[in-house]
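Hi,

Here is the structure I promised to pass on. Have a look at it first, and then read my notes below.

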Amino acid sequence: MSESAPPISPGRADDVEVLTRDIADVPAVEVITTLSVHLMSAAAVKLGLAEDGEAHKDLDEARKLITALAGLVTSAAPEIGSHHAAPLRDGLKTLQLAFREASTYPDQAGKGPGENLTGPVYA
């Protein structure tokens, strides 16, 4: 039997209004960069780059996260400008290279995670 969400009380409705106003005040570039950093962090963990790395290593999951990051960075770059996009591209490239290094059988250049969006990545 699944648990249902607690009923919305007047206090909870006020909390939702506050959160909605808060997110409305956040510039899009900040939302995009924050999401990118979360994707980078999650990918690094799945690549085994975190503390106790081997315990969390999962290259299939890392591939998905890196590809999602590549899609976000590639599509958002024209909107957020080079000043914000350049460090995101650098982080993405680092993760793509780390993926290749962590793979037992590395993908060919241009076939790695997100490379269909970014182009081939070389060291």
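What follows is a short tour of one loop glycine and of some salt bridges.

Please keep in mind that this is a predicted model, in which local features need pLDDT of at least 70, side-chain atom pairs count only at pLDDT 80 or more, and totals for chains, interfaces and linings use all residues. Residues are numbered from 1 along each chain as its sequence is written, and side-chain values use heavy atoms, with hydrogens and water left out.

Let me start with Gly-48, which sits in the loop between α2 (28-46) and α3 (53-56); helices here are DSSP runs of H or I with at least four residues, numbered from the N terminus. Gly-48 is buried at 19% relative accessibility (buried is under 20% relative accessible area, exposed over 50%, partly exposed in between, with a 1.4 Å probe and protein chains only). Leaving aside residues up to four places away in sequence, Gly-48 touches Gly-53 and Lys-57, where contact means heavy atoms within 4.5 Å.

Lys-57 also makes a salt bridge with Glu-54, at 3.9 Å from N to O; the term requires a side-chain nitrogen of Lys or Arg within 4 Å of a carboxyl oxygen of Asp or Glu. Lys-57 is partly exposed at 32%, while Glu-54 is exposed at 62%.

The count comes to five salt bridges. Among them, Lys-64 pairs with Asp-60 at 3.2 Å and with Glu-61 at 3.5 Å. These shared partners join Asp-60, Glu-61 and Lys-64 into one network.

Best wishes

Key:
Helix = DSSP H or I, 4+ residues; strand = E, 2+ residues; numbered from the N terminus.
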